[in-house]
There are 2 protein chains.
Amino acid sequence: MSAASQARRRQAADDLEIVAFERGSFTSYSACGIPYFVGGTVKDVSALVVRTPDAFRNDHLIDARIRHEAVELDVARGAVCVLELESGGRHWEPYDELLLATGSRPIRPSLPGADARGIFGIQTLDDGLALHRTMADNPRRAVVVGGGYIGLELAEAFRARDMTVRLLEKADQVMPSLDRDMAVLVADALREFGVDLHTEEPVVGFETSDGRVRAVSTEAASYAADVVVLGLGVAPDAALARGAGIALGDAGGVRVDRRMRTSVDGVWSAGDCAEKWHRVARRWTTIPLGTHANKEGRVAGINIGGGYATFPGVVGTAVSKICEVEVARTGLNEAEARAAGFETVSVTIDSTTRAGYFPEAAPLKTKMVAEKLSGRLLGAQIVGREGAAKRIDVAAVAVWNQMTVDEVLNLDLSYAPPFSPVWDPVAMAARRAAPLVFDDAS
Amino acid sequence: MSAASQARRRQAADDLEIVAFERGSFTSYSACGIPYFVGGTVKDVSALVVRTPDAFRNDHLIDARIRHEAVELDVARGAVCVLELESGGRHWEPYDELLLATGSRPIRPSLPGADARGIFGIQTLDDGLALHRTMADNPRRAVVVGGGYIGLELAEAFRARDMTVRLLEKADQVMPSLDRDMAVLVADALREFGVDLHTEEPVVGFETSDGRVRAVSTEAASYAADVVVLGLGVAPDAALARGAGIALGDAGGVRVDRRMRTSVDGVWSAGDCAEKWHRVARRWTTIPLGTHANKEGRVAGINIGGGYATFPGVVGTAVSKICEVEVARTGLNEAEARAAGFETVSVTIDSTTRAGYFPEAAPLKTKMVAEKLSGRLLGAQIVGREGAAKRIDVAAVAVWNQMTVDEVLNLDLSYAPPFSPVWDPVAMAARRAAPLVFDDAS
């Protein structure tokens, strides 16, 4: 819908007819807000919806049709087959320019009982509403499967409702996008907030009765569950593109150039389904994140509308709040940096969100990963309390600009006691990393 | 003392004797914390002191002598004349390497009564202690002269003590480092928090009796005052350098190269007294700020200790919290950019600190100034509520790297509902500025 809006800004309705088909019941909503709706922080689902189909139709002359699923694409004919989910009818819709913004689908394990009622994969607002409706029955015991962002945010949401929450993760840490030494801090915080966390405990099945989940089984135990959430990650939903012979990339998403063009003339792609160029790893990735989707949609829409815009890729920035703990990362963590062929040095420092003597100064830990030979900043991770995480953006911009740690330590970052120690935590980490950079071949 | 510590890290006491002379009674303290001590947010003055002379002596083998004022410098002899303030005695101390870190002095107006008791210029912790002692008499009426950072922070401090606070500013706005349209927001906030703000009202004199200030006079009125604070800015304290024939710059500070060397061999300078290279204005400036002083001291100390380090200059980043309002800026504001010869475009946008639907989403306004012809980001200003100001660092790093607004809008900044709208305010401002960049010569 970002693309549609941008195209409309450049082309009036007489010059460009814009039709949008949406499988679900909503347009332009904050998927990232779903955990806060489930947890009760956001009271009304309408708060998550930026613009309704009616608003698109009336204010932007964009014909947004919900509950319409694009099921087949014929790029030779220039038409897409649309299934009207309410009536079951189908029709072929011709196009001059087509944007594939099919998003991603939550990964479901192929395990016994995985399709039972009471097991939720959270991707769309319809998913969020379904889970929210279940909350009305006052479930007492939740099991979250998978310790990534969405899993942890939902663990918090259930704790916010005072439920018993068990989190099962097959790996040896939560938050796989953090290095283990930083992820441990998140795990500690989860336990502190009453989440019963089990790592290295993969789920082997779901116990059901009457088609409804009753428990989650691992090799170790069976955990009774009134509600189960799957936080096993998502995969790009590229089925429509694949079916039409449009090139996919190695990461499984639609391959796009920097103007968001696919391999087929007149077909564009943006959002979770499209691959993103990772500027540090120097490879194509899929990163399901609203802010990328929004920017890519803008670029696609400008181009479809006859303008010129490019999307320059990502550096892997992410942030989350889990109970009282703020977590953020950008660039590459140590493991990712090594996988990308970098020889690394890294430091972890303790600091505070305000001058140490200032009331409400909160602790934060900053980890920094740099290339050993050049000192180039490759990535950073922050775990801390209120006021910690958004500082990752300093590192994100520094990584974006390929700054070295000795450049970062001298950055002119804002300082006043209510906001920072005299050495900003990011600058302080860079200062500690600088002497580790290869500087003596003797 | 940053320099002394760094030099000591590289040279043991047997190789390098380090003596520090300090006119005042404290070493290594947070001057920026003084308003919070005066206002009562910080209860104990010792909290502002990072390291005492004893700690320097015992832990770092640095001979830090307080109440010792360097009054004359003879660079030909390589000696500095030190006045012992307690005894009145003087001696010449020889040196191999000398660091001038004489800081700055508050500007005092040459007006009748300006030296009366009850009138405070706040620069050193001794100044802060003197003002704090006055607070014990429960003064009821404060007049603050000058609406810069320190003036506004003290206005807040007095309001925190429930005093009647009047702020007199000769210019037509407070916060001269902000553009007027942004400074107006700060003025509104000051008034909302009960500060009686008078702009375009210069002070013409101070009414005194028994050597003590009783009122502050302007052309318009006479304002009764139990305590007066001067917030008229500071000037680099370069008298010692000037007296020794060391080159000063056009901004009145000690001229230094990027290793913090002055024009005289073996004499170094760092901190408020030393000029700083402004990377955007491309001129030497004086900016009295602890974070710069600290970084410069580190560089000087590494070099004095036999290492190699450089200070790359500043981009004019500053931040302050005035009552509930957070204010920040970086780079050049519109007026400064024009003065520096840039043709500018600028935008101001309204946004929120969290997703709009998230509880405690607070308003913030972001102004962005860019070069019209290139789109290069020249500066940014932020005024908002809690969670607003520290975002200026994103703009600071972008300005540092000479990014253009169309690059800034696509930056990979962290996004999650508790931290930001899906378009980060800084990215959003860049997005609005991008179309204004010169792009069509027809």
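User: Buried means under 20% relative accessible area, exposed over 50%, and partly exposed in between (1.4 Å probe, protein chains only). What is the relative accessible area of Glu296(A)?

Analyst: This is a predicted model, in which local features need pLDDT of at least 70 and side-chain atom pairs count only at pLDDT 80 or more, whereas totals for chains, interfaces and linings use all residues. Residues are numbered from 1 along each chain as its sequence is written, chains are lettered from A and ligands numbered from 1 in the order in which they are written, and side-chain values use heavy atoms, without hydrogens or water. Glu296(A) belongs to the buried class, because its relative accessible area is 0%.

User: With which residue does Glu296(A) form a salt bridge?

Analyst: A salt bridge places a side-chain nitrogen of Lys or Arg within 4 Å of a carboxyl oxygen of Asp or Glu. For Glu296(A) and its partner Lys276(A), the closest N and O atoms are 3.0 Å apart. Glu296(A) lies in helix α8 of chain A and Lys276(A) in strand β18 of chain A, so the bridge ties together parts that are 20 residues apart in sequence (helices, H or I with at least four residues, and strands, E with at least two, are DSSP runs numbered from the N terminus). At 1% relative accessibility the partner is also buried, and its name is Lys276(A).

User: Arg329(A) forms a salt bridge with Glu336(A); is Glu336(A) buried or partly exposed?

Analyst: The closest N and O atoms of Arg329(A) and Glu336(A) are 2.6 Å apart. Arg329(A) is buried, with a relative accessible area of 6%. Glu336(A), by contrast, has a relative accessibility of 29%, and therefore counts as partly exposed.

User: How far apart are the closest N and O atoms of the salt bridge between Arg180(B) and Asp172(B)?

Analyst: Arg180(B) is partly exposed at 45% relative accessibility. Asp172(B), at 34%, is partly exposed as well. The closest N and O atoms of this salt bridge are separated by 3.6 Å.

User: Where does Ser177(B) lie?

Analyst: Ser177(B) is buried, because its relative accessibility is 17%. Setting aside neighbours within four places in sequence, Ser177(B) is in contact (heavy atoms within 4.5 Å) with Tyr149(B), Arg329(B) and Asn333(B). Its place is in the loop of chain B between β10 and α6.

User: Which residue just after α5(B) takes a positive phi?

Analyst: Helix α5 of chain B covers residues 149-160 and has 12 residues. Its buried residues are Gly151(B), Leu152(B), Glu153(B), Leu154(B), Ala155(B), Glu156(B), Ala157(B) and Phe158(B). Just beyond the helix, a positive phi of about 65 degrees is taken by Asp162(B).

User: How much area is buried between chain B and chain A?

Analyst: In the interface, 61 residues of chain B are in contact with 61 residues of chain A. Tyr357(B), Asp412(B) and Phe419(B) supply 15% of the area that chain B buries against chain A, more than any other three residues. Buried area is the accessible area (1.4 Å probe) that two parts lose on being put together, summed over both. Carbon and sulfur atoms give 64% of the total, which is about 5200 Å².

User: How many salt bridges are counted between chain B and chain A?

Analyst: Over all chains, the structure holds 48 salt bridges. One that joins the two chains is formed by the side chains of Asp424(A) and Lys390(B), at 2.8 Å from N to O. Between chain B and chain A the count is 4.

Note on methods: Expected span 1.5 Å × (residues − 1).
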